[in-house]
Amino acid sequence: CRSFRSSNVSKAIFSFFLILSKDENLLVRQNCFEALLDVSEHLNAPQSAENIGEMIISLAKFGLSSKTSKFLSVIAARLSDLCRTLTRKS
């Protein structure tokens, strides 16, 4: 029963981040990027792992293409977390 609830929570959180990752607001996407890095190790739903990695990469690409110093500095500051998260998911 507990794992069932944990799986449902992971799916709900993933769905929430999926919506936020497509928001038009740069700050929302930046915060989504950071939050995904923070919680990705806790989102253990197997079907979501690859999608989470893809979403993080997509947000990082968006941040790089937006060329705003704030988002770029966030990516730079979280680079080790980004690498750790992506290697753990593969």
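Trainee: What share of the contacts in the chain with a separation of 6 or more comes from residues 24 or more positions apart?

Mentor: Such residues account for 64% of those contacts. Please keep in mind that this is a predicted model.

Trainee: Which secondary structure elements does the chain have?

Mentor: The chain has five helices and zero strands. Along the sequence, the pattern reads α-α-α-α-α.

Trainee: And how much of the chain counts as buried?

Mentor: Of its 90 residues, 32% count as buried.

Trainee: Let us turn to the nonpolar core. Which residues of the largest one touch the most other members?

Mentor: That core holds 16 residues, and F33, L36, I52, M55, I56 and L59 touch the most other members. Helix 1 (2-20), helix 2, helix 3 (46-66) and helix 4 each give two or more residues to this core.

Trainee: Which helix gives the largest share?

Mentor: Helix 3 does, with five residues.

Trainee: What does F33 touch, leaving aside residues up to four places away in sequence?

Mentor: F33 touches I56, L59, A60, F71, V74, I75, R78 and L82.

Trainee: How do helix 2 and helix 4 lie, parallel or antiparallel?

Mentor: Their axes come within 11 Å and cross at roughly 5°. Helix 2 is therefore roughly parallel to helix 4.

Trainee: Which residues make that contact?

Mentor: On helix 2 they are L26, R29, Q30, F33 and E34, and on helix 4 they are K70, F71, V74 and I75.

Trainee: On to charges. How many salt bridges are there?

Mentor: The count comes to four salt bridges. E34, D38, R78, D81 and R84 are linked in a network of them.

Trainee: Where is R78 in all this?

Mentor: R78 is in the loop between helix 4 and helix 5. One of its partners is D38, with the closest N and O atoms of that salt bridge 2.6 Å apart. This pair links distant parts of the chain, since D38 is in helix 2 (residues 26-39), 40 residues apart from R78.

Trainee: Is R78 buried or exposed?

Mentor: R78 counts as buried because its relative accessibility is 12%, and the cut-off for buried is under 20%. D38 has 46% relative accessibility, so D38 counts as partly exposed.

Trainee: What else does R78 touch, again without residues up to four places away in sequence?

Mentor: The contacts of R78 are F33, E34, L37 and D38.

Trainee: Which salt bridges does D81 form?

Mentor: The side chains of D81 and R78 meet in a salt bridge at 2.6 Å, N to O. D81 also forms a salt bridge with R84, where the closest N and O atoms are 2.4 Å apart.

Trainee: Where do D81 and R84 lie?

Mentor: Both lie in helix 5, three residues apart, which is about one turn of the helix.

Trainee: Are D81 and R78 buried or exposed?

Mentor: Both D81 and R78 are buried. R84, by contrast, is partly exposed, with a relative accessible area of 44%.

Trainee: Next, cysteines. How many disulfides does the structure hold?

Mentor: The structure holds zero disulfides.

Trainee: Where does K67 lie, and is K67 buried or exposed?

Mentor: K67 lies in the loop between helix 3 and helix 4. K67 counts as exposed because its relative accessibility is 67%, while the cut-off for exposed is over 50%.

Trainee: And K61, where is that, and how far is its C-alpha atom from that of I75?

Mentor: K61 is in helix 3. The C-alpha atoms of K61 and I75 are separated by 9.8 Å, and the two residues are 14 residues apart along the chain. K61 is exposed, with a relative accessible area of 55%.

Methods:
Residues are numbered from 1 along each chain as its sequence is written. This is a predicted model: local features need pLDDT of at least 70, side-chain atom pairs count only at pLDDT 80 or more; totals for chains, interfaces and linings use all residues. Side-chain values use heavy atoms; hydrogens and water are left out. A disulfide is a pair of cysteine sulfur atoms within 2.5 Å. Helices (H or I, at least four residues) and strands (E, at least two) are DSSP runs, numbered from the N terminus. Buried means under 20% relative accessible area, exposed over 50%, partly exposed in between (1.4 Å probe, protein chains only). Contact means heavy atoms within 4.5 Å. A nonpolar core is a set of buried Ala, Val, Leu, Ile, Met, Phe, Trp, Tyr and Cys residues joined through side-chain atoms within 4.5 Å. Axes are lines fitted to C-alpha atoms, for helices over the stretch in contact, and angles run from 0 to 180 degrees between N-to-C directions. Angles under 35 degrees count as roughly parallel, over 145 as roughly antiparallel, 65 to 115 as roughly perpendicular and the rest as oblique.
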